[in-house]
Amino acid sequence: MLRSACVLLLGLVAVTSAGEYSVGVEGVLMCNGQPYGDAKVRIYEVDTLHDDKLAQTFSSSDGHFRLGGHQSELGGISAKLNIYHKCEMPAWKRILPICYYKTTFPIPKRYIQSGNTPNEFYNVQTIELSMHATGYDCINLLR
């Protein structure tokens, strides 16, 4: 009985000591020098077993995107940016509505902040997607 109480108490301490962390990313997407709109952009918190989606948006018609998310986690978080697009995809593959190129960028630790809202956004500047036209993802649906 005492052992169960100790385990419960340790679990409660771990949950209540978990911190809230936030991260934000912004940038511009281009395809062959032209703004690339409607690309799906996501931030994930990287975990050993399963990555948690923190935020999602779509690039605007001028290629811009800005998004931020947060997660409660014990001991901090690591994050990555995933971009799903069809830039440079052959026409016969573009008709498959479920397959996209997936490009992943790690987010530097210095842009992961305490709290619910990021104060500083990681600016990835301009990403030319034609240089990242590999790595299919046919599981991650667009919307």
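A: Buried means under 20% relative accessible area, exposed over 50%, and partly exposed in between, using a 1.4 Å probe and protein chains only. This is a predicted model, in which local features need pLDDT of at least 70, side-chain atom pairs count only at pLDDT 80 or more, and totals for chains, interfaces and linings use all residues. Residues are numbered from 1 along each chain as its sequence is written, and side-chain values use heavy atoms, with hydrogens and water left out.

Q: Which residues of S6 are buried on one side, and which on the other?

A: Strands (E, at least two residues) are DSSP runs, numbered from the N terminus. In S6, Ala79, Leu81, Ile83 and His85 are buried on one side, and Lys80, Asn82 and Tyr84 are buried on the other.

Q: Which strands pair with S6?

A: Two strands pair if DSSP finds at least two bridges between them. Strand S3 (residues 40-45) pairs with S6 in the antiparallel sense over six bridges; within that pairing, arginine 42 has asparagine 82 as its bridge partner. Strand S7 (residues 100-107) also runs antiparallel to S6, joined by seven bridges, and there threonine 103 stands opposite isoleucine 83.

Q: Where does histidine 85 lie, and is histidine 85 buried or exposed?

A: Histidine 85 is in S6, which spans residues 79-85. Its relative accessible area is 1%, so histidine 85 is buried.

Q: What is histidine 85 in contact with?

A: Contact means heavy atoms within 4.5 Å. Leaving aside neighbours within four places in sequence, the residues in contact with histidine 85 include Tyr36, Tyr101, Thr103 and His132.

Methods: Helix = DSSP H or I, 4+ residues; strand = E, 2+ residues; numbered from the N terminus.
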